[in-house]
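Me: I want to go through this model term by term. Please set each value against its definition and then conclude.

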Amino acid sequence: MLTTSHILSCSPPHLVCALAEQVLARYDRDAVTFISGPRCVLVQLRMIEGVAETVFNAGEILVTETRLELAGQFGFGMVIGRDPDHATALAVLDAALRMPGDPHADLRPRIAELGQALSAAYERRFAAAAATRVEFETF
Amino acid sequence: MGYVAVRGGSEAVARAEELVECLRLLGGSTPLQLPQIRDQLRHAVSRAMHEGALYAPLLAALAVKQAEGDSIEAAFLLRAYRTTLPRVMASLPVSGREMFCLRRISASFKDIPGGQMLGPATDYLIRLLQPALAHEDVRAVIAAAERYAALVEAGKPQPGAWGRFPKVTEYMRQEQMIVDVPAEPAREEPFDITREPLTFPCPRSARLQAMAQADTGSLMSLAYSSTRGYGDAHPTLVELRYGYLPVHVAHPLTGEPVTIGEIEATEAEIASKAHSVTNHAEPPRFNVGYGFAFGQSELKVMSMAILDSVLTQARIGSLAGESGPAANEEFVLLHTDGIEASGFVAHYKLPHYVTFAADLSVLDRARDHHAQRQSRLGQLVDQALTSDSR
C-alpha cells in the first residue's frame, strides 16, 4: 500500500501540479503565503546497514523544498531533484489535505487513481527484472 | 635558470580554460545533452554521485560532461557544489529491505526468499565490442521499447509485486551466524565526517560514511590486496541488491513520515570465513561487512563490504596471519578519498619554485660535502672515524 506522500512524490509531476491547480482555483491569489522556498537544499540520507542494523550517514540528496500557508494552513512539500513546481504543488496539497473539516476530500479519489497508476508502473518495472529470475538446476 | 618566487599568469590560466572548451567542441560532433549522459552513461553518473556524496543525477551528468568523463574530477565538481547548499534535515533511517529491487543475487545461498534475479547486469557476457552500437539511431530506441515490453510480459506483472524482499542477513542473524560488531559508546546521532574531524579508532558509522564516498578504485585495490594474500579476507557474497529506495523525512509540523521520492542505490553484505572471535566461549560465526553506494555501483559496494569486514575483524582482534594495510583503519580511511588524494597529487603541478630553490641550496651543500669527502684528506678522516666507531 503506497502512502499519499509516496504517490504524490513519485507520480508524474505534471499530474500532481494539475491537482494543486484544482485546489488553488478555489482560493484567492493572496491565500498562499510562502514561508520558505521553493529552494534547493540538501537532505542527509540515513541508512540502516545490513549487518548490525545500525544507522550511518550515506551521503546527501539534492531536494527542492517549499513551506507555505494556504488559507492559514501550514503545508510542506519536498521532492528529490530540482523541481520547484512539484515541491510547491506538494506543499499546497499537504495543506489542503490537512485542513479541518476535510474540505478537499474530493482530492482523495484522484490521488487513489494516481496510486493505482503508480502501482501498475511498479509492477511493470519489477516484472522486467523478474524476467531475469534464475532457475538453478541441482546436480 | 633562476629559481624565484613568482606571481601572475592570470591571462594564461583564462586562455588555458578557453582552450579546453574549444578542444571539447572542435571535433565537430553534436554537443552532449545531459539526459543522454544520465541515461546512457549510467555508471559514470553513479560514480560521480557516490564519490561526490551527492545524489543528483542530472547535476552529476553535468559534472561528467564538464569533466570530459574524468570520474574523479566529476565527483570533485559535485562535492564542491554540495558545499554551496544548506542541509535542512536528515532523512528518517531507511533499510535496504525497503528497496524495490531490480537485481538481487547471492553467492552464499542458492535459494533465497523471493529468488535470485540477475536484473540489468553484464557480468555474464563475453567482453566483445558490439560494432552495432556505433551506428545506433532512433530505430534503436523504438526497438528497446519493444524489447522492454516483451521482458515485462515475460516477467508476468502481478498486483503488489514491486520487488521488495527480506534481507539474507536477517536469516543469518536469526540463526546466530553473524559476529556482533564491537560495542561502541552510544551516540545520539551517527558520526558525520562532514561536520566532525575523523579521529582513530573511529565509530563504525564514520567508517561506513567515509567509504561510501571513497574512490572506487582505491577501495577495490585495498580489498583485493586483503583477499590476495596481504590480509585475511575470505569473502563470499551474502547478498547484492540494486534498485529504487524510497526516502522519507519527518513532516516539520507533525513529525509523521513523508516520502520525498526514490533514489537508485546498490548495497551488499559480504561474509568472511568462520572464526571463534576473541571470546572462545562463544560458538564460531561469520564476520559480515556492509557496503552502500548511490546508483548502480557493484564493485564499490563489494569492496566496501570486504573492507568493513576486515576492519571489524581487526578491531575485535580476530585476524589470522598477516593483516596487511587493508586492516589498518587509519590507513584505509585516510587514503581512499579520491578527491583528497587527487587534490594532493595534482597540487604538485602548481609552482613550487621557492620550495625547490630551498631543495637546490640543500643539494649544493650536499654536493660540496660529497666532494670534500672524496678528497684524499676526507677519505683518511672517514677511514679513521669508521675504525674509531668499531
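Reply: Start with helix H8(B), whose buried residues pack against E2 of chain A and against H3, helix H9 (216-228), strand E7 (285-294), helix H10 (298-316) and helix H11 (329-335) of chain B. The model is predicted, so local features need pLDDT of at least 70 and side-chain atom pairs count only at pLDDT 80 or more, while totals for chains, interfaces and linings use all residues. Residues are numbered from 1 along each chain as its sequence is written, with chains lettered from A and ligands numbered from 1 in the order in which they are written.

Me: What makes a stretch a helix or a strand here?

Reply: Both are DSSP runs, numbered from the N terminus: a helix is H or I with at least four residues, and a strand is E with at least two. By that rule chain B has 14 helices and seven strands.

Me: Why is helix H8 (residues 204-212) of chain B called mostly covered?

Reply: A residue is buried if 20 or more other C-beta atoms, placed from the backbone, lie within 10 Å of its own; it is exposed at 12 or fewer and partly exposed in between. In H8(B), nine of its nine residues are buried. Arg204(B), Arg207(B) and Gln209(B) are among them, as are Leu208(B) and Met211(B). For chain B as a whole, 36% of the 390 residues count as buried.

Me: How do you know that Met49(B) is buried?

Reply: Met49(B) counts as buried because it has 32 C-beta neighbours inside 10 Å. This residue is found in helix H3 of chain B.

Me: Which residues does Met49(B) contact, apart from its neighbours within four places in sequence?

Reply: Two residues are in contact if their C-beta atoms, placed from the backbone, lie within 7 Å. Met49(B) meets this with Leu54(B), Tyr55(B), Ala56(B), Pro57(B), Ala60(B), Leu78(B), Phe294(B) and Gly295(B). Leu78(B), in turn, touches Ala48(B), Met49(B), Gly52(B), Leu54(B), Leu59(B), Ala60(B) and Ala63(B), not counting residues up to four places away in sequence.

Me: What makes a group of residues a nonpolar core?

Reply: The members must be buried Ala, Val, Leu, Ile, Met, Phe, Trp, Tyr or Cys, joined through C-beta atoms within 7 Å. The largest such core has 118 residues, and those with the most contacts inside it are Ile61(A), Leu93(A), Ala48(B), Ala60(B), Leu78(B) and Leu307(B). From each of domain 1 (11-82) and domain 2 (96-136 + 163-344) of chain B, this core draws at least three residues. In soluble globular proteins, nonpolar side chains tend to be buried together.

Me: Where do the bounds of these domains come from?

Reply: They come from an automatic or database domain assignment. The centres of domain 1 and domain 2 of chain B, taken over C-alpha atoms, are 27 Å apart. Each of these domains gives 14 residues to the contact between them. On the domain 1 side, helix H3 (42-52) and helix H5 (71-82) of chain B each supply at least two residues. H3(B) has the largest share of that side, with eight residues.

Me: How do you know how far chain B is from a compact globule?

Reply: The radius of gyration is taken over C-alpha atoms, and the globule rule is 2.2 Å times the number of residues to the power 0.38. For 390 residues a compact globule would be near 21 Å, but chain B has 27 Å. Its C-alpha atoms fill a box of roughly 95 × 70 × 55 Å along the principal axes.

Me: What makes two strands a pair?

Reply: DSSP must find at least two bridges between them. E1(A) and E2(A) pass with 14 bridges and pair in the antiparallel sense; in E2(A), Glu60(A) is the bridge partner of Gln44(A). Between the chains, E1(A) and strand E3 (residues 94-95) of chain B pair in the parallel sense over two bridges. There Met47(A) stands opposite Val94(B), and Ile48(A) stands opposite Ser95(B). E1(A) also runs parallel to strand E2 (residues 87-90) of chain B, joined by three bridges. In that pairing Leu42(A) stands opposite Arg87(B).
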